[in-house]
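Please look through the sequence and the structure shown here, and then read the briefing that follows.

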Amino acid sequence: MKNTFIGLLIGLTVLFSINSHADIETDKFQIMLAPAVAKNTAGYGVISNTGDSADTLLNISCDGATVMLHKTEIKSNHAHMHHMKNIIIEANSSLVLEPMSYHLMLSELSDVFFKDRETVTVVFEFKHAGIVEVEVPIVSVFY
Amino acid sequence: MLKNILAISVISLLLNVNIAVSGVVEMPILSGVGGDFTAVDSNGNTVEFNGYAGNVVVLAFGYTSCADICPFTLGYLKQLYNKLSSEEQQKVRMLFVTVDPDYDTPAHLKGFLGHFDDDFIGISGTKEQTDYIVSLYQAEYNQLSAIGMPTHNIRRVQPKLFEEETDTKEDTATLFSHSVSIYLVDKEGFTRSVEYTGTPKVEFRDKIKKLLRE
């Protein structure tokens, strides 16, 4: 009887941990229209983890460009850029990508990035939530 | 009662004077920041900074392969510039000094800056000229990768080692860290204020207007 109870407990724990993956939502994603001669451009938006457990952003990809997560950090009036990897988004938290902070660094740009109001698909891969695809507009915005 | 009213009036007067004094925009000459230099502008002309005398100059450092902070700064400067009247714009020069002169040729700078405003002037030159300008403004820049960073590595979360790659100039995007200050220089070439993109644009515009009136 005792063994059955322990087995049931372990089973429920495993089942709970499998189903308890984080939920990911994205909001306000946009990619800056690249100047005609530019090699790179940036993307901004918000990734929210609405689940009750942390999740890890493992990878980002995008058709027509190479992409990675960068973070601009200002120290003593000096801008440093860091390549961020395996970013953990805690439960009920958001990762805000905005100028002078976290951003998508896009390079090897195809023609679409030089066309205002086009859209591209950005694919985020999370440890628990899996693949999250986002349609992101190319916009001509000056902050 | 009368004594109290008098006391309050005196305090109010003092406070008003204080507010008036604190409302004054002081823009002293920042000794040791800025000075004359020789470089090449985005039209390919050799220029001397003193040649801009008679104009108010707004000067920033950056490079065109920068994806975040430089386009953001130039967007800020575009909006700042648009807050000036066309008459005022004719007396203001917006300079963007590249820290990557190897890649940012005058023609390339012209194409990049034209995305923001055709009036913006790119400043390029030799590495020695760049280093000299940077030192004049007590700014800094550092190349983040010893060699050009292969852009096809950027896709990977864990990039290959740089030395595993065969670089060509066309395939690389050299990355830099650099100062983010924006320098405001008066019509005589003296640096009068150091701002950044966090400065409210109206406040920055008013400083430009003040220098234009001098």
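Two strands are said to pair if DSSP finds at least two bridges between them, and strands (E, at least two residues) and helices (H or I, at least four residues) are DSSP runs numbered from the N terminus. This is a predicted model, in which local features need pLDDT of at least 70, side-chain atom pairs count only at pLDDT 80 or more, and totals for chains, interfaces and linings use all residues. Residues are numbered from 1 along each chain as its sequence is written, while chains are lettered from A and ligands numbered from 1 in the order in which they are written.

**The sheet of chain B**

- In chain B, 7 strands form an open sheet of mixed pairing, in the order β2-β1-β5-β4-β3-β8-β9, and its edge strands, β2 (46-48) and β9 (191-195), each pair on one side only.
- Strand β3 (residues 56-62) of chain B runs antiparallel to strand β8 (residues 182-185) of chain B, to which 4 bridges join it, and B:A60 has B:I182 in β8(B) as its bridge partner.

**Where the chains meet**

- The contact (C-beta atoms, placed from the backbone, within 7 Å) takes 33 residues from chain A and 30 residues from chain B.
- On the side of chain A that touches chain B, β4(A) provides the largest share, with 6 residues.
- Across the two chains, β5(A) pairs in the antiparallel sense with strand β7 (residues 176-179) of chain B over 2 bridges, and A:A79 stands opposite B:H178 in β7(B).

Terms used
Contact = placed C-beta atoms within 7 Å.
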